[in-house]
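Student: Hi! I would like to learn how to read a structure like this one. Could you walk me through it?

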Amino acid sequence: MGRGRQKAKATKQARDIKYYSPSTDYSALQRELAGSTGHAPASRYPQPAEDDESYVDRYADDDDDDRGSRRLG
């Protein structure tokens with residue numbers, strides 16, 4: 001197939017995809033958006049068992065050591 005025919009075919013396919021409009025089931029969309037399950041979904045990321053303050057206390061000394069070992073100049 002020559003370049004002209006290939007380009008024409010690609011253009012036709014792109015146009016078909018651009019103007020394609022499938023039928024939409026609005027009642028299914030409404031059910032999905034309404035959330036008919038009745039309960040909130042579980043969080044994707046579970047909360048840590050410890051508070052943030054315990055992490056600050058645990059790793060506070062490490063930050064001081066890193067700054068002291070670095071030389072400037």
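Tutor: Gladly! Let's begin with a term: a helix here is a DSSP run of type H or I with at least four residues, and helices are numbered from the N terminus. Keep in mind too that this is a predicted model.

Student: Which elements make up the secondary structure of the protein chain?

Tutor: There are three helices and zero strands. Read from the N terminus, the order is α-α-α.

Student: How should I treat the confidence values?

Tutor: Where pLDDT is low, the predicted coordinates should not be read in detail. In this case the chain has a mean pLDDT of 75, with 55% of its residues at 70 or more. Among the elements, helix 1 has the highest mean, 93, while helix 3 (residues 52–69) has the lowest, 62.

Student: Let's look at helix 1, then. Where is the salt bridge, and which side chains meet in it?

Tutor: First, the idea: side chains of opposite charge can pair when their charged atoms come close. Here the side chains of Lys12 and Asp16 form a salt bridge, with 3.5 Å from N to O. Both residues belong to helix 1 (residues 3–18) and sit four residues apart, about one turn of the helix. A search of the whole structure finds one salt bridge.

Student: Why does Lys12 count as exposed, but Asp16 as partly exposed?

Tutor: The cut-off for exposed is over 50% relative accessible area. Lys12 counts as exposed because its relative accessibility is 52%. Asp16 has 44%, so Asp16 counts as partly exposed.

Student: What share of the 73 residues is buried?

Tutor: Buried means under 20% relative accessible area, and the share of buried residues in the chain is 0%. The chain exposes about 7800 Å², and carbon and sulfur atoms supply 50% of that area.

Student: Which residues make the nonpolar surface patch?

Tutor: Tyr26, Leu29 and Leu33 make a patch of about 370 Å². Tyr26 lies in helix 2 (residues 26–34), and Tyr26 counts as exposed because its relative accessibility is 62%.

Student: What comes just after helix 2?

Tutor: There you find Gly35, which takes a positive phi of about 70 degrees.

Methods: Residues numbered from 1 in each chain as written. Predicted model: local features only at pLDDT ≥ 70, side-chain atom pairs only at ≥ 80, totals over all residues. Heavy atoms only, no water. Patch = residues over 30% accessible without salt bridge, like charges linked within 9 Å, V, L, I, M, F, W, Y side chains within 5 Å. Areas by Shrake-Rupley, 256 points an atom, 1.4 Å probe, with all protein chains shown as cover. Salt bridge = Lys/Arg side-chain N within 4 Å of Asp/Glu carboxyl O. Helix = DSSP H or I, 4+ residues; strand = E, 2+ residues; numbered from the N terminus. Buried < 20%, exposed > 50% of the residue type's maximum accessible area, 1.4 Å probe, protein only. pLDDT = per-residue confidence, 0-100.
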